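Colleague: I have a model open and a few things to ask about it. Can we go through them one at a time?

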Amino acid sequence: MARASADRHKLLVTVVAWGVALAIFFPILWTVLTSFKTEAAAVAIPPQFLFFDWTTENYAEVWARTDYLHHFTNSVVISLGSSLMGLLVAIPAAWAMAFSPTRGTRGVLMWMLSTKMLPAVGVLVPIYLLCKRAGLLDTRTALVIVLMLSNLPIMVWMLFTYFKEIPRDILEAARMDGATLRYELLYILAPMALPGIASTLLLNVILAWNESFWTLNLTAASTGPLTAFIASFSAPEGLFYAKLSAASTLAIAPIVVLGWLSQKQLVRGLTFGAVK
Amino acid sequence: MASTHNGATARLMLSPAVVLLLVWMAVPLAMTLWYSLHDYQLLMPRGNEFVGLENYVYFLTDPAFFQSLANTLALVMGVLTITVAGGIGLALLLDRPMYGQGIVRVLVVSPFFVMPTVSALVWKNMFMNPVNGLFAWLAQVFGMRAIDWLAEVPLLSLTIIVAWGWLPFATLILLTALQSLDAEQQEAAKMDGANSFARFVHITLPHLARPIAVVILIQTIFLLSVFAEILVTTNGGPGNQSTNLAYLVYSQALLRFDVGSASAGGVVAVVLANILAIFLMRLVGKNLES
Amino acid sequence: MASIALKNVSKSFGGREVISSLDLQIERGELVVFVGPSGCGKSTLLRLIAGLEEVSSGQLLIDGRDATQLPPAWRGLSMVFQSYALYPHMSVRDNIAFPLKMAGRDKETIERKVNEAARVLNLQDYLDRKPRELSGGQRQRVAIGRAIVREPVAFLFDEPLSNLDAALRVNMRMEIAALHRQLGATMIYVTHDQIEAMTLADRIVVLNAGRVEQVGSPLELYRRPATLFVAGFIGSPRMNFINGAEASRHAATTIGIRPEHLSVSTTAGRWQGKVSLAEHLGSDTFVHVEVAGLGAIAARAAGGLDVRHGDTLWLTPDESCLHRFDEQGRAIGA
């Protein structure tokens with residue numbers, strides 16, 4: 001009796017939850033569906049949900065008419081480049097603060113977070129002009145540097161929370177066991193720190209991939225990453241829903257899949273370990 | 001080996017990050033300040049003269065400024081309200097046993113990974129368009145007038161678009177927090193005769209206070225600088241109805257080429273953000289520490 | 001096996017002295033237990049010996065040689081940590097082999113020694129598991145295995161049993177005692193649990209607020225506690241302390257009598273009182289008696305004694321087991 005009612009309850013929750021989840025996911029689903037329609041079918045009233053003539057011509061056309069691959073490469077270089085360079089600076093900093101904390105450590109961490117609260121518009125003009133003067137406007141180099149700097153506080157924070165969880169006992173045990181510095185780093189610390197470093201990298205790649213202030217302001221369409229590429233579709237060109245959908249699907253697919261794989265780390269990472 | 005643990009090495013390891021961030025913060029900010037005191041037009045480089053606070057007077061007395069300030073706050077507050085309330089509801093729902101929980105989670109979290117330009121364009125064209133959008137079709141089905149969302153209620157439309165992107169974040173964090181809630185506490189409250197509403201108010205909500213504070217802090221950081229969504233949908237219009245501070249400064253600088261008053265706007269934005277930041281960090285600073 | 005000597009050792013953390021000019025001699029093959037309440041400095045003392053903390057002043061001698069400045073790995077000591085500090089990404093085999101690998105031993109020797117340690121500790125079936133796949137007791141054994149293979153001159157144990165449940169703790173206690181007999185090794189063992197101290201130790205060092213209160217064999221400490229602190233800390237249930245007129249009669253500020261040194265009678269005796277609580281353990285009965293003028297006194301009676309709350313009892317102390325303390329809390333005439 002109780003069992004049956006519990007089952008019925010679970011079924012009800014399942015139906016409601018799936019309904020809500022599909023509603024939230026619907027814009028993405030609709031975009032993907034539309035990308036396989038003809039332009040006429042894309043704007044048909046009433047809308048066609050599943051029963052339409054599936055076509056891949058939009059993808060072919062986006063591929064042929066635009067330089068998708070070029071923008072995709074830009075996105076990869078910029079997000080990966082800025083994240084890797086960020087790691088190079090953030091790892092030692094987080095390491096020092098996690099393993100040799102001083103009275104100032106908390107202050108330094110909070111200060112770093114506060115730089116992230118500095119609105120980008122406050123420095124838009126000088127950064128734009130500096131890049132212009134240095135001939136870096138509309139280059140990937142400029143974006144790699146700027147995104148690296150703007151995400152650096154988050155990287156340091158994330159790494160710090162991961163490193164802090166490495167038990168000091170283990171470092172002491174390794175010292176008692178006679179591990180040299182090289183060994184301590186390579187065989188004890190690296191294996192324990194790597195998962196945290198990997199999550200940090202992953203999350204920052206996602207953040208940088210979707211970053212849409214600097215990528216839109218420091219590039220023209222030609223060297224822009226996918227964010228700028230998609231923004232160039234904002235000017236209406238008549239019947240273009242299907243092609244817009246195809247381009248959008250191409251732009252978000254890699255990172256959405258990456259996001260699915262990293263959703264657990266996302267919580268820890270973006271809340272700086274405050275929520276577990 | 002002891003050297004990895006001593007203060008000098010630690011400072012050496014810390015310094016690149018600190019120096020980079022200091023430079024990243026101080027140099028452009030100093031330049032912004034300097035420009036803000038000069039009449040600097042990008043297209044007329046010769047007119048570069050000291051004008052004192054004239055740019056500030058110009059920027060602050062511009063009616064667009066007050067409108068953009070109000071819009072910025074309305075956007076932040078609106079998105080926060082939707083995402084926190086919706087996030088709590090969704091988290092409570094997803095925390096219950098169900099079939100296919102993993103897939104449901106994946107579906108719900110997905111919007112967070114969609115780049116702002118894509119989500120804004122998809123919403124603008126395929127949902128909010130008064131002729132071809134799904135909303136227009138729905139209105140027609142129910143016999144109502146189709147709304148031109150971005151023209152008639154631009155700020156509300158933007159709030160919906162941005163909130164859609166951030167709802168997964170709030171949900172995911174609150175769900176994670178819920179899952180760490182001690183089941184025995186709930187059972188103890190049940191034994192004490194608390195009904196499900198009382199349990200939510202007295203057990204669940206206090207447990208969520210800290211994650212909610214974290215959600216507010218993190219989202220505010222990002223919401224203050226919403227930009228791409230405005231750029232590809234309304235361009236701040238109609239009029240200035242959907243211009244926020246970030247977009248206003250952008251349009252002064254890169255559309256009107258008035259570096260001086262854009263810089264003044266930048267300084268104002270920094271000051272306002274700092275006021276908010278101090279308030280927020282006070283609120284959650286202790287929570288974030290450990 | 002080595003002897004360890006501490007000479008006038010002090011340790012301060014930022015101006016706060018946690019160990020003050022402490023002298024201690026630990027003989028070869030001895031199992032010495034540092035015991036004391038939390039914050040007494042016992043763990044710090046162990047970490048000073050290990051080399052994980054630097055002494056502020058004083059000297060540490062291992063086998064007569066000055067080791068004060070030696071890095072931890074060069075002191076030839078092994079340590080078992082409270083959290084076990086196993087390397088989470090390494091198998092049991094690699095965990096145990098790690099110190100040997102660090103010492104640059106050849107593969108064959110490592111293999112042989114790891115297998116030997118695994119046999120002694122009953123870990124043969126778990127060698128390829130990761131620490132997270134082991135129970136608490138098994139992890140403890142791996143930590144001990146890692147300590148054994150180095151063939152250290154002395155073992156250091158930092159509250160090794162405090163993360164285990166009660167039954168397992170008794171087992172591991174016996175295993176450590178057996179290990180000590182088997183290896184004949186010098187061992188220093190830190191605990192806050194006086195029962196662990198009493199059952200394991202050749203000699204106990206009772207620490208309080210960074211100072212040594214008393215050093216001695218378990219029975220010496222039990223029979224002749226040098227201070228009130230030791231008298232109260234060693235022995236379970238706790239010694240009864242009596243101040244006032246009764247103490248003055250014995251020419252002391254405070255007198256102490258252990259519950260087991262009071263004879264209990266339902267008919268006659270020195271002190272009369274009412275039972276406030278009777279705990280029937282079967283083998284023994286512990287009675288808490290409210291005696292007018294003396295306060296609450298605990299006594300151990302035979303298991304068959306059938307008394308309840310409110311009954312009247314008489315207690316008579318065994319005068320030969322009475323402890324007398326002066327104003328400073330020092331034992332008189334001990």
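Colleague: Where is C:Pro237 placed?

Modeller: C:Pro237 sits in the loop between α8 (228-233) and β11 (240-243) of chain C. This is a predicted model, and in it a cis peptide bond joins C:Ser236 and C:Pro237.

Colleague: What is omega there?

Modeller: Omega for the bond between C:Ser236 and C:Pro237 is about -5 degrees. Most peptide bonds are trans.

Colleague: And what about phi of C:Ser21?

Modeller: Phi of C:Ser21 is near 20 degrees, a positive value in a residue other than glycine. C:Ser21 belongs to strand β2 (residues 16-26) of chain C. Most residues other than glycine have a negative phi.

Colleague: What pLDDT does chain C average?

Modeller: Chain C averages 90, and 100% of its residues score at least 70.

Colleague: And what are the mean values for chain A and chain B?

Modeller: Chain A averages a pLDDT of 84, with 95% of the residues scoring at least 70. Chain B has a mean of 84 too, and there 94% of the residues reach 70 or more.

Colleague: Where is confidence lowest in chain B?

Modeller: By element, in strand β2 (residues 44-50) of chain B, at a mean of 69. Helix α3 (residues 63-94) of chain B is the highest, at 93. Apart from those elements, pLDDT stays under 50 over residues 1-5 of chain B. For that stretch the model has eleven contacts beyond four places in sequence. Where pLDDT is low, the predicted coordinates should not be read in detail.

Colleague: Which helix of chain A has the lowest confidence, and which the highest?

Modeller: Helix α13 (residues 263-270) of chain A is lowest, at a mean of 73, and helix α4 (residues 68-99) of chain A is highest, at 91. For the model as a whole, ipTM is 0.85 and pTM is 0.78.

Colleague: On to the interfaces. Which chains have the most contacts between them?

Modeller: Chains A and B, among the two pairs of chains that touch. Their contact takes 103 residues from chain A and 98 residues from chain B. The area buried between chain A and chain B is about 9300 Å², and carbon and sulfur atoms give 80% of that. On the chain A side, A:Ile24, A:Met117 and A:Tyr241 lose the most area to chain B, together 8% of what that side buries.

Colleague: How many salt bridges are there between chain A and chain B?

Modeller: The count is zero.

Colleague: How many across the interface of chain A and chain C?

Modeller: Two. In one of them, C:Arg47 pairs with A:Glu172, the closest N and O atoms being 2.5 Å apart.

Colleague: What area is buried between chain A and chain C?

Modeller: About 1600 Å², of which carbon and sulfur atoms give 66%. A:Glu172, A:Met176 and A:Asp177 are the residues of chain A that lose the most area to chain C, together 41% of what that side buries. In residue counts, 16 residues of chain A are in contact with 24 residues of chain C. As for chain B and chain C, no contact joins them, and their closest C-alpha atoms lie 9 Å apart.

Colleague: How many salt bridges does the structure hold over all chains?

Modeller: 19. Among them is C:Glu159 with C:Lys42, the closest N and O atoms being 3.8 Å apart. That pair links distant parts of the chain, 117 residues apart: C:Glu159 is in the loop between β7 (154-158) and α5 (166-183) of chain C, and C:Lys42 is in helix α1 (residues 42-50) of chain C.

Colleague: Last topic, cavities. How many of 30 Å³ or more are there?

Modeller: Eight. Of the 37 residues that line the largest cavity, the closest to its centre are A:Glu211, A:Ser212, B:Trp166, B:Phe222 and B:Ser225.

Colleague: Which element gives the most to that lining?

Modeller: α8(B), with five residues. By class, the lining of the largest cavity has 26 nonpolar, eight polar and three charged residues.

Colleague: And what is the volume of the second largest cavity?

Modeller: About 80 Å³. Its lining includes A:Trp30, A:Tyr241, B:Met126 and B:Trp137. The lining of the second largest cavity divides into ten nonpolar, two polar and no charged residues.

Notes: Residues numbered from 1 in each chain as written. Chains lettered and ligands numbered in written order. Predicted model: local features only at pLDDT ≥ 70, side-chain atom pairs only at ≥ 80, totals over all residues. Heavy atoms only, no water. 1 Å grid on protein atoms, 1.4 Å probe; cavity = no way out; pocket = protein on both sides within 12 Å on 5 of 7 lines; lining within 4 Å. Points joined across faces, edges and corners; volume = space filled by probe spheres on them. Helix = DSSP H or I, 4+ residues; strand = E, 2+ residues; numbered from the N terminus. Nonpolar A, V, L, I, M, F, W, Y, C, P; charged D, E, K, R; others polar. pLDDT = per-residue confidence, 0-100. Contact = heavy atoms within 4.5 Å. Buried area = accessible area lost by both parts, 1.4 Å probe. Salt bridge = Lys/Arg side-chain N within 4 Å of Asp/Glu carboxyl O.
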